[in-house]
Amino acid sequence: NVGVDYSVSFPVGWKWFSVNTTLDNMSLEFILSSVNTPDDYIKSQESTSTYYSGYGWFGPLKKIEPGLLYKIKVQDSTTTSYTGRATDVNTLQIPVVSGWNWIGYLPQVSISLNDAFSSLSLAHLDYIKSQASTSTYYSGYGWFGELKNLTPAEGYMLKVANEGNLKYPESGKSDYAIQNTAKGDTLDFN
């Protein structure tokens, strides 16, 4: 099997990220082995860990999981890279609650917000933000804002009115393509 490369750079300060490639060992010590300056800090929506010299990572957050947003604060810029297995977007769903959700991005290619959230029952004024941009959902119009697409290795904060399960479409295909290809139709592009 050929692996999928994953790489994310952490500049000094805060960086939001997620993983879409997994290994058998997803511990902080392994995945973030290059992040090793005292007081480096990572948090998910539910837990945190801090790096201590001579000890390593300490806190309830022990491993990195696909489907979650992580916010990391580093003292020295660094990069983490590895080759692993692509997450299976056909089987992995992200539970979404009413209110704020820290979500990761699972596909290997960028896709539009409309395609990414087609499995959810969106409501007027649902909202998404990345570390640098935002978009708001307007009933009868769709998403409006500078955030247009979701991107691999990025993490997002999603505020929705309706709970559900986020199931990303198969990488690189819109729901239209998935539904019509399943019916035996082919798509022609010029």
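User: In what order do the strands of the three-stranded open sheet come, and is the pairing parallel or antiparallel?

Analyst: In this predicted model, the three strands run in the order β1-β8-β3, and their pairing is antiparallel. The edges are formed by β1 (4–10) and β3 (21–22), each of which pairs on one side only.

User: How many bridges join β3 to β8?

Analyst: Two bridges join β3 to β8, a strand that covers residues 78–86. The two strands run antiparallel.

User: And which residue in β8 is the bridge partner of T22?

Analyst: The partner of T22 in β8 is R85.

User: Stepping back, how many helices and strands does the protein have?

Analyst: The protein has three helices and 17 strands. Of its 190 residues, 44% count as buried.

User: What share of the contacts with a separation of 6 or more comes from residues 24 or more positions apart?

Analyst: Such pairs account for 69% of those contacts.

User: On to the five-stranded sheet. What is its strand order?

Analyst: The order is β10-β16-β12-β13-β14, in an open sheet with antiparallel pairing. Its edge strands are β10 (99–104) and β14 (142–145), and each has a pairing on one side only. From one strand to the next, the twist averages 25 degrees.

User: How many bridges are there between β12 and β16?

Analyst: There are three bridges between β12, residues 127–129, and β16, residues 155–160, and the pairing is antiparallel. Within this pairing, Y127 has K159 of β16 as its bridge partner.

User: What about the other end, where β13 meets β14: how many bridges are there?

Analyst: Strand β13, residues 134–138, pairs with β14 over four bridges in the antiparallel sense.

User: How many residues lie between β13 and β14, and which turn residue has a positive phi?

Analyst: Three residues separate the two strands, which form a hairpin. G140, in the turn, has a positive phi of about 80 degrees.

User: Why does D39 count as exposed?

Analyst: D39 counts as exposed because its relative accessibility is 52%, and the exposed class begins over 50%.

User: Is T37, in that loop, buried or exposed?

Analyst: T37 is also placed in the loop between α1 (28–31) and β4 (41–43). T37 is buried because its relative accessible area is 17%, and the buried class covers values under 20%. Leaving aside neighbours within four places in sequence, T37 is in contact with Y51, Q75 and D76.

User: Where does A153 sit, and what is its phi?

Analyst: A153 sits in the loop between β15 (149–150) and β16. Its phi is near 75 degrees, a positive value in a residue other than glycine. A153 is buried, with a relative accessible area of 10%.

User: Changing topic to the largest pocket: what is its volume?

Analyst: The volume of the largest pocket is about 410 Å³.

User: Which residues lie nearest its centre?

Analyst: Q45, E46, G67, L68 and W102 lie nearest the centre, out of 23 residues that line the pocket.

User: How many of the lining residues are nonpolar, polar and charged?

Analyst: The lining has 13 nonpolar residues, six polar ones and four charged ones.

User: Finally, the loop between β9 and β10. Which residues does V97 touch there, beyond its sequence neighbours?

Analyst: V97 is found in that loop. Not counting residues up to four places away in sequence, V97 touches V160 and E163. V97 and N165 are 68 residues apart in sequence, with 8.6 Å between their C-alpha atoms.

User: Why is V97 classed as partly exposed?

Analyst: V97 is classed as partly exposed because its relative accessibility is 44%, which lies between the buried limit of 20% and the exposed limit of 50%.

Conventions
Residues are numbered from 1 along each chain as its sequence is written. This is a predicted model: local features need pLDDT of at least 70, side-chain atom pairs count only at pLDDT 80 or more; totals for chains, interfaces and linings use all residues. Side-chain values use heavy atoms; hydrogens and water are left out. Two strands pair if DSSP finds at least two bridges between them. Axes are lines fitted to C-alpha atoms, for helices over the stretch in contact, and angles run from 0 to 180 degrees between N-to-C directions. Buried means under 20% relative accessible area, exposed over 50%, partly exposed in between (1.4 Å probe, protein chains only). Contact means heavy atoms within 4.5 Å. On a 1 Å grid over the protein atoms alone, a cavity is a set of points where a 1.4 Å probe fits but cannot get out, and a pocket is an open set with protein on both sides within 12 Å along at least five of seven lines; lining residues have an atom within 4 Å of a point. Grid points are joined across faces, edges and corners, and a volume is the space filled by probe spheres set on the points. Ala, Val, Leu, Ile, Met, Phe, Trp, Tyr, Cys and Pro count as nonpolar, Asp, Glu, Lys and Arg as charged, and the others, Gly among them, as polar.
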